[in-house]
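Biologist: Please show me the model. I have some questions about it.

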Amino acid sequence: LAFEAPEPNIMQRAPRPPDEPLFTGFFVWRLIFVSVLMMGGALTLFFLSLNADNDMNHARTMVVNTIVLCEVVYLINSRWLHRSVLSWEGLFGNRVALLTILVTLMLQAAFIYWPPMHTIFGSAPLSFSDWVLTCTAALVLFFAIEIEKGLRQHATGRTPHDRRVSWES
């Protein structure tokens with residue numbers, strides 16, 4: 001995200017107060033919200049995998065894949081903290097982020113399908129339906145964050161271009 005262009009109207013916003021803590025109520029909320037959703041998705045798929053008579057390696061691989069895919073979608077969500085990324089620019093506007101995502105997915109595929117990784121990490125190959133489940137968990141996180149952004153804008157009556165939105169204001 002260091003290569004991200006600034007959001008529109010950034011110079012019209014008031015500066016951050018110097019006494020404002022680094023972790024505002026908004027950032028603590030977002031951290032907890034995202035962590036609970038990731039954990040919920042990963043644990044749900046872990047137990048579903050075990051209940052489907054898969055071995056522990058398969059269940060752990062499902063967890064790792066879920067977390068990696070959730071991190072990928074959160075990278076996209078985080079391009080803009082307060083406005084929706086559901087646009088061409090929001091989803092595809094940062095080539096460095098897209099390249100990073102591509103490299104991450106290639107490394108994740110090696111973790112899942114390259115036999116030496118199974119030996120080193122105890123991972124296991126995933127089926128197409130396993131990928132559908134882990135992608136679904138990631139998409140739940142993605143859309144939950146987008147809905148949260150919209151609800152926050154509605155509750156505060158602010159547009160995404162107004163001064164930064166926080167729980168305190």
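Modeller: Here are some questions and answers on this predicted model.

Biologist: Is Lys-149 buried or exposed?

Modeller: Lys-149 lies in helix α6, residues 128–156. Its relative accessible area is 2%. Buried means under 20%. Because 2% is under that cut-off, Lys-149 is buried.

Biologist: Which side chain joins that of Lys-149 in a polar contact of 3.1 Å?

Modeller: A backbone atom also comes into the picture: the oxygen of Arg-83 lies 3.1 Å from a polar atom of the Lys-149 side chain. That is a backbone oxygen, and you asked for a side chain. The side-chain partner, in a polar contact of 3.1 Å, is Glu-146.

Biologist: How many charged residues are in the lining of the largest pocket?

Modeller: The largest pocket holds about 250 Å³ of space. Of its 13 lining residues, the closest to the centre are Val-72, Val-73, Ile-76, Ile-101 and Leu-139. Helices α2, α3, α4 and α6 each supply at least two residues of the lining. By class, the lining has 13 nonpolar residues, no polar ones, and charged residues: none.

Biologist: What is the C-alpha to C-alpha distance between Ala-124 and Asp-55?

Modeller: Ala-124 sits in the loop between α5 and α6. Asp-55 is 69 residues away from Ala-124 in sequence. In space, C-alpha to C-alpha, the distance is 9.1 Å.

Biologist: Is Ala-124 buried or exposed?

Modeller: Beyond four places in sequence, Ala-124 is in contact with residues including Asn-57, His-58 and Thr-61. Its relative accessible area is 10%. The cut-off is under 20%, so Ala-124 is buried.

Notes. Residues numbered from 1 in each chain as written. Predicted model: local features only at pLDDT ≥ 70, side-chain atom pairs only at ≥ 80, totals over all residues. Heavy atoms only, no water. Helix = DSSP H or I, 4+ residues; strand = E, 2+ residues; numbered from the N terminus. Buried < 20%, exposed > 50% of the residue type's maximum accessible area, 1.4 Å probe, protein only. Polar contact = N/O pair within 3.5 Å; in protein donor to acceptor, adjacent residues only side chain to side chain. 1 Å grid on protein atoms, 1.4 Å probe; cavity = no way out; pocket = protein on both sides within 12 Å on 5 of 7 lines; lining within 4 Å. Points joined across faces, edges and corners; volume = space filled by probe spheres on them. Nonpolar A, V, L, I, M, F, W, Y, C, P; charged D, E, K, R; others polar. Contact = heavy atoms within 4.5 Å.
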